[in-house]
Amino acid sequence: HMLTGSAFNALLKTMEEPRGDSIIILIADNINFLPKTLISRVQMIRFGIAREETIIEFLRKNGANAPDTERIALISGGKAGIALDFWKNQEKFQTYSNNENEWQKFIGGTLNERFGVIERIASEEGRSADILDQWLRFSRNCLINKYLTEEHMPSISEDLGAKRAIAPDPVVLVKFIGNLTLISKLIKSSNVNKKLALENLALEI
């Protein structure tokens, strides 16, 4: 979805006239970011996510320590590759956990706290899109679980109160996911002002 219009047209031409017995495999995490002309020319195969128990077993077979497996399985979103990457790269795992804390401040904090989070995200050159992708995953996990407690998300920021659980209304969360998806798409595909877009998102909560 990061391709320009002319690049997409070139890809379409390649797909319409493949060389010999070529097989072209395209992988996308969100087909809404792809042109309809491209989608109409492919056979779509949807891959489901793995259960947490499956991820835990997978990690343990690959040598992960027991205390880490459940936490990693929870935040990996059912994707074994991401889970294995987190286990092997503790720095990336810590960064992901920090982004989770920022998301919780944004969802459950005051307007001032939200704007503070925005300042930090806007300063992360080249990483804002990845952070928002993680926020979408946190939000969807929250919606699936229906509520968050310290058991579901144990790293709730102390700034929000160590004992306070976050339980956003499902209707509000669905709206937030929709707005966040739109803003994420804009940031990835245009030169939109990231800070202004996120400030509008904060005001919509």
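User: What should I know about the model before starting?

Analyst: This is a predicted model, in which local features need pLDDT of at least 70 and side-chain atom pairs count only at pLDDT 80 or more, while totals for chains, interfaces and linings use all residues. Residues are numbered from 1 along each chain as its sequence is written, and side-chain values use heavy atoms, with hydrogens and water left out.

User: How do you know what confidence the predictor has in the chain?

Analyst: The score for that is pLDDT, the predictor's confidence in each residue, from 0 to 100. The chain averages 80, and 87% of the residues score at least 70. Over residues 147-165, pLDDT stays under 50. The model has 40 contacts beyond four places in sequence for that stretch, where contact means heavy atoms within 4.5 Å.

User: What makes up the pattern of the chain?

Analyst: Helices (H or I, at least four residues) and strands (E, at least two) are DSSP runs, numbered from the N terminus. By that rule the chain has 10 helices and zero strands. Read along the sequence, the pattern is α-α-α-α-α-α-α-α-α-α.

User: Why is Phe176 called buried?

Analyst: Buried means under 20% relative accessible area, exposed over 50%, and partly exposed in between (1.4 Å probe, protein chains only). Phe176 has 4% relative accessibility, so it counts as buried. Its place is in helix H9, residues 170-189. Across the 205 residues of the chain, 35% count as buried.

User: Which residues does Phe176 contact, leaving aside neighbours within four places in sequence?

Analyst: Phe176 is in contact with Trp103, Phe106, Ile107, Trp135, Ser139, Leu201 and Ile205. As for Leu136, it is 40 residues from Phe176 in sequence, with 9.2 Å between their C-alpha atoms.

User: What makes a group of residues a nonpolar core?

Analyst: A nonpolar core is a set of buried Ala, Val, Leu, Ile, Met, Phe, Trp, Tyr and Cys residues joined through side-chain atoms within 4.5 Å. The largest one here has 34 residues, and Phe106, Trp135 and Phe176 have the most contacts inside it. Among the elements giving two or more residues to this core are helix H6 (90-108), helix H8 (128-145) and H9.

User: Why is H5 called roughly perpendicular to H6?

Analyst: Axes are lines fitted to C-alpha atoms, for helices over the stretch in contact, and angles run from 0 to 180 degrees between N-to-C directions. Those of H5 and H6 come within 5 Å and cross at roughly 110 degrees. Angles under 35 degrees count as roughly parallel, over 145 as roughly antiparallel, 65 to 115 as roughly perpendicular and the rest as oblique, so H5 is roughly perpendicular to H6. The contact is made by Asp85, Phe86, Trp87 and Lys88 of H5 and Gln90, Lys92, Phe93 and Tyr96 of H6.
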